[in-house]
Amino acid sequence: PHRSALLERSSYDDPTFVAATERLVNVAYAVVRGFGLEGDDLVHAVRTVRAAVTGFVSLEQGHGFRVPTDIDASFAYLTRVLAAGLRPSPAPSTATG
């Protein structure tokens with residue numbers, strides 16, 4: 001419990017913890033990169049995924065899901081919605097008109 005909150009701290013004194021955190025964030029980048037994202041799109045997408053998952057976990061840990069619907073099904077829905085939205089931004093139009 002509460003381990004996810006440790007990942008969101010802005011600074012750490014323990015180099016082992018820093019290395020572990022970097023490995024975890026690198027996994028997120030690798031997964032999201034698999035959707036064909038790069039550059040700023042990649043950074044924005046990883047931030048979005050991290051924010052969504054962190055928020056979901058925070059709500060679950062705080063018993064914020066009070067409606068008696070399967071929480072695992074809600075998380076599966078979240079992952080499907082996020083995955084559906086992970087695609088490169090369209091190239092800017094060069095057409096004039």
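Modeller: First a term: pLDDT is the predictor's confidence in each residue, from 0 to 100. This is a predicted model, so local features need pLDDT of at least 70 and side-chain atom pairs count only at pLDDT 80 or more, while totals for chains, interfaces and linings use all residues. Residues are numbered from 1 along each chain as its sequence is written, and side-chain values use heavy atoms, with hydrogens and water left out.

Biologist: OK, what's the mean pLDDT of the protein chain?

Modeller: The mean is 85, and 80% of the residues reach 70 or more. Where pLDDT is low, the predicted coordinates should not be read in detail.

Biologist: How many helices and strands are there?

Modeller: The protein chain has 4 helices and 0 strands, so the pattern along the sequence reads α-α-α-α. Helices (H or I, at least four residues) and strands (E, at least two) are DSSP runs, numbered from the N terminus.

Biologist: And how much of the chain is buried?

Modeller: Buried residues are 13% of the 97 in the protein chain. The cut-offs are under 20% relative accessible area for buried, over 50% for exposed, and partly exposed in between (1.4 Å probe, protein chains only).

Biologist: Which residues make up the largest nonpolar core?

Modeller: There are 8 of them: Ala28, Val32, Leu37, Leu42, Ala45, Val46, Val49 and Leu86. Helix 2 (15-33) and helix 3 each supply at least two, and the largest share, 4 residues, comes from helix 3. A core here is a set of buried Ala, Val, Leu, Ile, Met, Phe, Trp, Tyr and Cys residues joined through side-chain atoms within 4.5 Å. In soluble globular proteins, nonpolar side chains tend to be buried together.

Biologist: Zoom in on Val49. What does Val49 touch?

Modeller: Val49 is in helix 3 (residues 39-61). Leaving out residues up to four places away in sequence, Val49 touches Val32, Leu82 and Leu86; contact means heavy atoms within 4.5 Å. Val49 and Ala83 are 34 residues apart in sequence, with 9.2 Å from C-alpha to C-alpha.

Biologist: Switching to the outside: which residues form a nonpolar patch on the surface?

Modeller: Leu24, Val27, Val31 and Phe35, with about 340 Å² of accessible area together. Areas come from the Shrake-Rupley method with a 1.4 Å probe, and for residues only the protein chains shown count as cover. Val27 is in helix 2 and counts as partly exposed because its relative accessibility is 48%.

Biologist: Where does His63 lie?

Modeller: His63 lies in the loop between helix 3 and helix 4. Its phi is near 55 degrees, a positive value in a residue other than glycine. His63 counts as exposed, because its relative accessibility is 60%.

Note on methods
Patch = residues over 30% accessible without salt bridge, like charges linked within 9 Å, V, L, I, M, F, W, Y side chains within 5 Å. Salt bridge = Lys/Arg side-chain N within 4 Å of Asp/Glu carboxyl O.
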